[in-house]
Amino acid sequence: MTDLWFSLPVGVQDAAIALALLLPALGIGAAALRGFRVGPLLRALLRRQAWISVVFTALIAVSVALGAALIAQERGLREGTARAAEKFDLVVAAPGSEITAMLAAVYLQPADVPLVDGETYAEIVAHPRAELVAPIGFGDSWQDAPVIGTTADFAAYLSGGLAEGRLFARPYEAVAGARVDLSVGETFQPAHGHGDAAQEGMHDVDYEVVGRMPMTGSPWDRALLVPIESVWEVHVLPNGHGPDWDRVPGPPFDPAHFPGTPAVLVKADSLGGTYVMQAAFTDGETMAFFPGTILARLHALMGDIREVMSILAVITQVLVTAGVLAGLTMLTRLLARRLALLRALGAPRRFVFALTWSYATTLIVLGAAIGLGLGIAATGAMSAAITARTDILVEARLGWREVHLVAGFVSLTAALALLPAWLTMNRPVMSDLRG
């Protein structure tokens with residue numbers, strides 16, 4: 001049986017799981033409605049109580065939409081962070097926190113990290129398995145866009161080919177990310193620091209934008225890439241080449257005039273070479289790490305958070321539905337005389353039970369279905385907000401996981417709807433008629 005299950009397509013498995021989650025609701029409905037045709041009276045009840053039905057359905061729909069959209073964001077954020085780090089095979093930094101170094105080098109989060117010196121950088125460049133080695137220097141910004149010092153080779157590698165213009169070829173030229181509000185040919189003056197701590201006017205230099213990268217879906221879309229020599233010069237540091245430099249930025253760098261870099265991006269000649277270099281530069285002086293490995297740890301934590309969020313979403317939806325069912329119980333008291341009249345005309349108690357349960361379950365199913373539709377829009381809106389705040393392209397979509405969540409919610413609340421139906425069925429007929 002297990003072999004048969006795993007031989008099925010993934011979509012068929014997901015559909016089967018959704019059906020299995022709905023089976024309790026279907027079973028309850030079959031048992032509750034057996035032998036009765038409540039359709040005409042149910043439609044009349046929905047029409048007569050239209051506004052109340054709309055309000056209760058809307059409450060359930062909003063609850064389902066928000067819960068599904070929140071859970072979908074975790075998956076979208078996981079995919080977005082992985083996409084943003086896919087160009088970063090190996091990062092070498094000074095000993096410290098790998099997470100801090102990764103957030104700074106890959107996701108451009110401001111951080112104060114120690115530097116890799118010139119001798120160590122020269123060793124990395126000289127390694128026989130190294131294909132691309134690039135320094136990554138940060139600390140300045142322009143209108144909240146980080147100004148990153150690096151090499152033209154890294155800009156070409158990261159962009160996969162510029163969308164416009166050319167790579168920088170002189171010290172005070174720049175390549176803009178796709179989301180930077182600067183056009184090719186415009187100039188900017190960097191500020192020292194980031195955010196509220198940025199100090200304008202400390203660097204009396206102007207960079208000219210000569211190229212623009214395509215959209216990468218990463219924080220680098222909001223970055224300005226400049227020659228690292230210019231970053232060193234504006235901070236009154238050696239330029240990495242010595243007094244005889246011909247003012248053409250890029251390697252080779254002179255270890256004696258290399259002031260240090262917070263991180264080094266390394267691309268080896270093969271996957272095996274990446275592991276060789278990671279082992280070679282993990283020692284007391286440097287740490288070499290795979291951003292993907294660090295992400296996997298963070299994603300594992302996010303997975304735990306996702307489970308908590310799923311439970312909270314279900315609890316929230318159940319609480320909303322419990323409130324709706326409580327409201328329905330009060331509504332049935334307002335309808336008690338009509339329901340009692342049905343009983344007096346010979347309707348069995350179980351018919352009243354079936355009618356009340358059908359009314360509650362109809363609102364639940366309608367709310368869940370509408371909630372899934374609203375969840376699509378809510379997911380897109382939340383993804384856009386997260387992308388704007390993190391600069392990581394998040395493209396979350398509702399999937400089978402959210403469908404399973406809603407299916408389980410429908411079955412659970414259909415079972416809860418048995419309570420107000422049972423209470424209605426057991427109300428005294430004579431006192432309701434007199435009332």
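**Figure 1. Packing of helix H9 in the predicted model.** The buried residues of H9 (residues 271-280) pack against strand S1 (90-93), helix H6 (118-126), strand S2, strand S10 (263-268) and strand S11 (287-289). These buried residues are Gly273, Thr274 and Met277. Viewed along the axis of H9, they fall within an arc of 105 degrees, so they line one face of the helix. Leu271 and Ala279, on the other side of H9, are exposed.

**Figure 2. Strand S3 and its covered faces.** In S3 (residues 145-150), six of six residues are buried, and the strand is thus described as mostly covered. In general, the side chains of a regular strand alternate between the two faces of the sheet. On one side of S3 lie Ala145, Val147 and Gly149, and on the other lie Pro146, Ile148 and Thr150; all are buried.

**Figure 3. Pairing of S3 with strands S2 and S9.** Strand S2 (residues 130-142) runs antiparallel to S3 and is joined to S3 by four bridges. Together, S2 and S3 form a hairpin with two residues between them. Gln143, in the turn, has a positive phi of about 50 degrees. With strand S9 (residues 224-227), S3 pairs in the parallel sense, again over four bridges. Val147 of S3 is the bridge partner of Asp140, and the bridge partner of Val147 in S9 is Leu224.

**Figure 4. The largest nonpolar core and the surroundings of Phe88.** This core has 37 residues, and those with the most contacts inside it are Phe88, Tyr107, Ile136, Phe154, Trp220 and Leu225. At least two residues of the core are supplied by each of helix H4 (50-85), S1, helix H5 (98-105), S2, helix H7 (152-159), S10, S11 and helix H10 (291-334). The largest share, five residues, comes from H7. Leaving aside residues up to four places away in sequence, Phe88 touches Ala105, Val106, Ile136, Phe154, Leu158, Trp220, Leu265 and Pro291.

**Figure 5. Confidence along the predicted chain.** The chain averages a pLDDT of 82, and 88% of the residues score at least 70. Confidence is highest in S9, at 93, and lowest in helix H15 (residues 429-434), at a mean of 53. Where pLDDT is low, the predicted coordinates should not be read in detail.

Definitions and conventions: Residues are numbered from 1 along each chain as its sequence is written. This is a predicted model: local features need pLDDT of at least 70, side-chain atom pairs count only at pLDDT 80 or more; totals for chains, interfaces and linings use all residues. Side-chain values use heavy atoms; hydrogens and water are left out. Buried means under 20% relative accessible area, exposed over 50%, partly exposed in between (1.4 Å probe, protein chains only). Two strands pair if DSSP finds at least two bridges between them. The arc is that of the directions from the helix axis to the C-beta atoms. Contact means heavy atoms within 4.5 Å. pLDDT is the predictor's confidence in each residue, from 0 to 100. A nonpolar core is a set of buried Ala, Val, Leu, Ile, Met, Phe, Trp, Tyr and Cys residues joined through side-chain atoms within 4.5 Å.
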